[in-house]
Amino acid sequence: MAKSVKTTGKRRINKRTSSVAAVKSKRAFNSYKQAIGYLFGKTDYEKAEYLRYNVTTFNLNRMTKLLSLLGNPHKKIHTVHIAGTKGKGSTATMLAKMLESNDYTVGLYTSPHVVHLHERIVVNSKMITNLEMLGLLNRIYSPVEILSKTDPPTFFEIMTALAFMYFVDKHIDIAVIETGLGGRLDSTNVIHPKVVGITSLSIDHQQQLGDTLDSIAKEKAGIFKRGVPAISVQQEPIAMNILKSHALEVKAPLSVTGNDIDFSYRFETSREHGPHTRICLTTPTSKFEHLRVPLYGKHQAINCGLALAMLDKLKASGYKIDTEKATQGLHKVSLAGRMEMIHDDPRIMIDGAHNAASIRELIHAIGQNIPYDSMVVIFGCNNDKDVKGMLRELQYGADKVIFTRSNSGKAVSPQDLADMYTEICSKMYQTAVSLGEALRLAKSAVTREDLICITGSFYLIGQAKISFSSQMLRTR
């Protein structure tokens, strides 16, 4: 394992050389296109229409074998681990930015991406390059092929291994690792982190994780490790009981923001910053007072509190953290696909809300922070979601809904969405066979004071962002 952080300086002085770099393999790919085609050719459970969640499909033994062939890169880096239903990416990014602003070299591994695959693997806010990805895929090719003879690694397992390899190569001080699906059987659950964070839990991925909060909480709690401090935001009682029970069972000290950790937030408006939320968090080792949350919404205030609490645990374990620097880093946070305005006239916002609780928080955050006369929502989602739950929440904010579908193989048809929506409420809706058609319909129905919001699926908002980025390039 890597040596502990020295407390006499801002970074570890003893940088490691990567034994991963010593892994030799025949150069399998001459171009990035060829290498990335190989990666996308692997089984990708994010795109699978039907997926069984079990130890055969999600196999940590397979991941462990792959990492062993690569020299166990995950054991050569310090990490923190974040699981939850919603807010993982936001929490991870805020924590990474605060660590980076304290002069640490920080790796960040998140999923899914909005536009580009390389968004998933980042060091100090810079995505891995095509050349670096090509080199890593050439190095991982032989180990993957060896395992593929009996038990082929999946797309996500390979991506996770690539992230660990890259972080070792870049001599990071710490990596912030977000789980993919669940926690207990997730490919990332091979690490022994410095601290664990659990974001808000709600119903999502029912086909894999179950359709009750207790079953979901059990899977998320699977990342708890003996002796490793764990922090959770406040949860529904049934979920919190599961988290506490599992933490006690594995002897992981568990703290809860707003309960064991002094935490509060308030919404306000100022001339300088407009509508925003401020938070306070106090522990025996840290005091953060009236910090402005860089992202919209009460849910982001809660995520920010979790990121601060995790930062404090790292400080208590020996990391040198300056509060002012952390605050400066926090204010630099921006996230693609989270209440992101991608067009001004008409105003078009995208948000990756993909479960009922996220839709509810999105509607509330828009109401608090974005003035508009009428809101048209372009909505599409996948069939492994709580579709009816999302539609129920949608009715409370959308003046009109246009149902469409993304390019995901798991996308629910627009007409099926419309039929379910009709059972729930009598509000106006239209259907569109594509995002392009949905945007044409929306633009014809709004004025300058209205808002178009595209949500329900990361696939859908990714398509929207690519579309408008291409338009901007053509008009330059």
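This is a predicted model: local features need pLDDT of at least 70, side-chain atom pairs count only at pLDDT 80 or more; totals for chains, interfaces and linings use all residues.

Me: Which residues of α2 are buried?

Reply: α2 covers residues 60-69, and R62, M63, L66 and L67 are buried there. Looking down the axis of α2, its buried residues fall within an arc of 130 degrees, so they line one face of the helix.

Me: OK, switching to aromatics. How many aromatic pairs are there?

Reply: Counting ring centres within 6.5 Å, there are 11 aromatic pairs. One of them is F29 with Y38, a tilted pair with 5.1 Å centre to centre and 45 degrees between the planes.

Me: Are F29 and Y38 buried or exposed?

Reply: F29 and Y38 are both buried. Y38 also pairs with Y141: the ring centres are 5.3 Å apart and the planes sit at 55 degrees, so that pair is tilted.

Me: Where do Y38 and Y141 lie?

Reply: Y38 is in helix α1 (residues 32-40) and Y141 is in helix α4 (residues 130-148), so the pair ties together parts that are 103 residues apart in sequence. Y38 has 15% relative accessibility and counts as buried, while Y141 is partly exposed at 25%.

Me: Which residues form an aromatic cluster?

Reply: F379, F403, Y421 and Y429 form one. F379 also turns up among the contacts of T455.

Me: Tell me about T455, then. Which strand is it in?

Reply: T455 lies in strand β17, residues 451-455. T455 counts as buried, at 1% relative accessibility.

Me: What does the side chain of T455 reach?

Reply: It reaches the backbone oxygen of D351, at 2.8 Å. Leaving out residues up to four places away in sequence, T455 touches a set of residues including D351, A353, I359, L362, V377 and I378. L460 and I461 are among them too.

Me: New topic: where is Q235 found?

Reply: Q235 is in the loop between β7 (230-232) and α8 (237-250). Its relative accessible area is 13%, and Q235 is buried.

Me: What does the side chain of Q235 reach at 2.9 Å?

Reply: The backbone nitrogen of L201. A polar atom of the Q235 side chain also lies 2.9 Å from the backbone oxygen of T199. Beyond residues up to four places away in sequence, Q235 touches I198, T199, S200, L201, M240 and L243.

Me: Last one, F468. Which helix is it in?

Reply: F468 lies in helix α15, residues 458-475. At 3% relative accessibility, F468 counts as buried.

Me: And what does F468 touch?

Reply: I342, H343, I348, L439 and K443, not counting residues up to four places away in sequence. F468 and H343 are 125 residues apart in sequence, with their C-alpha atoms 7.5 Å apart in space.

Definitions and conventions. Residues are numbered from 1 along each chain as its sequence is written. Side-chain values use heavy atoms; hydrogens and water are left out. Rings of Phe, Tyr and Trp (its six-membered ring) pair if their centres lie within 6.5 Å; planes under 30 degrees apart count as stacked, over 60 as edge-to-face and the rest as tilted. Buried means under 20% relative accessible area, exposed over 50%, partly exposed in between (1.4 Å probe, protein chains only). Helices (H or I, at least four residues) and strands (E, at least two) are DSSP runs, numbered from the N terminus. The arc is that of the directions from the helix axis to the C-beta atoms. Contact means heavy atoms within 4.5 Å. A polar contact is a pair of N or O atoms within 3.5 Å; within protein, one must be able to donate a hydrogen and the other to accept it, and residues adjacent in sequence count only if both atoms are side-chain atoms.
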